[in-house]
Amino acid sequence: MPDDTGDGDRLPAGGLAGRLAGIRSAMSSTIIPYEDGPLIVRGDFEIVTPDGAPIEAGRATVALCRCGKSAIKPFCDGTHKVINFRAGTDRVTPPPR
Amino acid sequence: MKLPAPRGAVSTAVIDLLGGKAATLPRTTTPDDDEDLHLALFVCYEMAYRGWDGVDDRWEWDPELLRLRAALEQRFEADLHALAGPPEHVDPETVPHRLTELVTADDGPSLSGRLRSRATYEQFREFVTHRSVYHLREADPHTYVIPRLAGRPKAALIEIQLDEYGGGVVSKMHQELFKRTMSWFGLDLTYGAYVDAVPAATLATNNVMSLFALHRRNRAALLGHLAAYEMTSSIPNRAYAGGLRRLGGDASATAFYDEHVEADAVHEQIAAHDLCGSFAVAEPELAGDVLYGARCALALDARWAGTVLASWDAGRSSLRE
């Protein structure tokens with residue numbers, strides 16, 4: 001996380017500084033679609049169930065299933081290769097009808 | 001680790017020298033066979049890892065021993081060229097795609113299918129025994145290349161290696177996780193305990209990593225080797241875990257394989273694109289070496305798997321007597 005001393009030091013604990021820190025950490029993660037493969041997530045992130053219960057990632061960088069066939073969803077287990085999954089690395093813009 | 005028993009003229013010469021039974025090396029550098037070649041190389045290389053019990057660490061840089069090692073490496077490299085094809089010039093931009101093609105086309109014998117569906121307890125135990133030579137130092141050879149890289153490929157390699165070493169948590173290090181599998185089979189957890197038990201085909205899969213790791217000129221091949229390993233890992237490891245559960249293996253016994261399914265699904269992407277792809281662009285003249293390293297990894301693993309399966313098919317153990 002970027003160093004946010006200075007301003008943060010002068011603000012009351014748990015106040016704006018805490019919220020700023022929260023936003024900053026949320027902003028410091030990236031999700032990258034890899035060609036014909038999963039979404040790789042790096043940075044400060046949490047994976048939780050819809051109820052908010054944590055899903056233990058177990059590692060700093062994770063691969064999220066994009067083909068829908070993983071046996072360990074939400075994580076990737078390499079099955080995309082078996083099913084010949086194809087997907088690009090950028091936003092897909094459907095052609096006009 | 002104790003010095004192993006020799007398997008021919010050259011391995012005898014090296015082991016006698018390191019063990020203090022001989023003062024010099026003989027002039028001959030011609031190994032009797034593959035067993036002799038790969039054991040001699042393995043003994044030489046181990047000086048760069050954790051060494052041998054009672055052997056002076058200074059032998060690692062002894063010119064006479066290095067000269068012998070170089071002669072053995074020349075033979076091994078000739079074998080690799082014959083087995084996997086020599087490095088060829090390729091467009092660096094195509095490296096990730098070509099790596100994917102290589103692993104997709106890999107039609108090595110399916111040891112994983114056998115282990116999943118019908119290998120016996122004894123056969124699975126043998127498989128673990130073979131793999132222990134590498135898994136107890138898993139990731140260590142590839143760590144040698146870190147200071148030889150810069151920028152994006154370096155960061156990518158470290159991202160993979162951090163995971164290999166459990167993010168700094170000893171019990172999560174892959175080397176340590178493997179001990180749980182070995183324990184379930186009642187195997188000796190000592191580093192290198194089974195060097196004497198494994199044949200040349202197993203030693204060769206280890207020696208190729210050292211050949212690539214210890215020479216800076218082979219840095220690209222080492223990266224390709226790592227990519228091939230990471231890109232052919234998730235699915236076989238799922239099969240290993242399934243096979244081990246079929247044999248009654250508990251969560252601790254399968255933890256190593258379960259972890260590799262998930263970890264290597266991450267690593268394969270990083271290895272192909274962020275590591276090898278960006279390295280090939282940064283050092284375009286070495287792009288072909290990346291693919292060569294990957295081909296060597298696949299070919300030697302296929303040869304090893306073929307040896308193991310042939311033994312089992314013939315009703316024999318795949319380990320040495």
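Reader: What ground rules apply to the model and numbering?
Author: It is a predicted model, where local features need pLDDT of at least 70, side-chain atom pairs count only at pLDDT 80 or more, and totals for chains, interfaces and linings use all residues. Residues are numbered from 1 along each chain as its sequence is written, chains are lettered from A and ligands numbered from 1 in the order in which they are written, and side-chain values use heavy atoms, with hydrogens and water left out.

Reader: How many salt bridges over all chains?
Author: The count is 20. A salt bridge here is a side-chain nitrogen of Lys or Arg within 4 Å of a carboxyl oxygen of Asp or Glu.

Reader: What does B:Asp163 form a salt bridge with?
Author: Its partner is A:Arg59, with the closest N and O atoms 2.7 Å apart. The pair crosses between chains. B:Asp163 sits in helix H8 (residues 151–164) of chain B, and A:Arg59 in the loop between strand E2 (39–42) and strand E3 (62–64) of chain A. Helices (H or I, at least four residues) and strands (E, at least two) are DSSP runs, numbered from the N terminus.

Reader: Are B:Asp163 and A:Arg59 buried or exposed?
Author: Both are buried. Buried means under 20% relative accessible area, exposed over 50%, partly exposed in between (1.4 Å probe, protein chains only).

Reader: And B:Glu35, what does that one bridge to?
Author: B:Arg7, at 2.8 Å between the closest N and O atoms. B:Glu35 is in helix H2 of chain B and B:Arg7 in the segment before H1, 28 residues apart. Both B:Glu35 and B:Arg7 are buried.

Reader: Which residue pairs with B:Arg114?
Author: B:Asp313, with the closest N and O atoms 3.0 Å apart. B:Arg114 lies in helix H5 (residues 111–117) and B:Asp313 in helix H14 (residues 287–313) of chain B, so the pair ties together parts 199 residues apart in sequence. B:Arg114 counts as buried because its relative accessibility is 11%. B:Asp313 is at 57%, so it counts as exposed.

Reader: Which residues are linked in a network of salt bridges?
Author: A:Arg42, B:Arg152, B:Glu159 and B:Asp274.

Reader: Switching topic. Where is B:Arg131, and what does it touch?
Author: B:Arg131 is in helix H6 (residues 121–135) of chain B. Leaving out residues up to four places away in sequence, B:Arg131 touches B:Phe178, B:Asp301 and B:Trp304 (contact means heavy atoms within 4.5 Å). B:Arg131 counts as buried because its relative accessibility is 17%.
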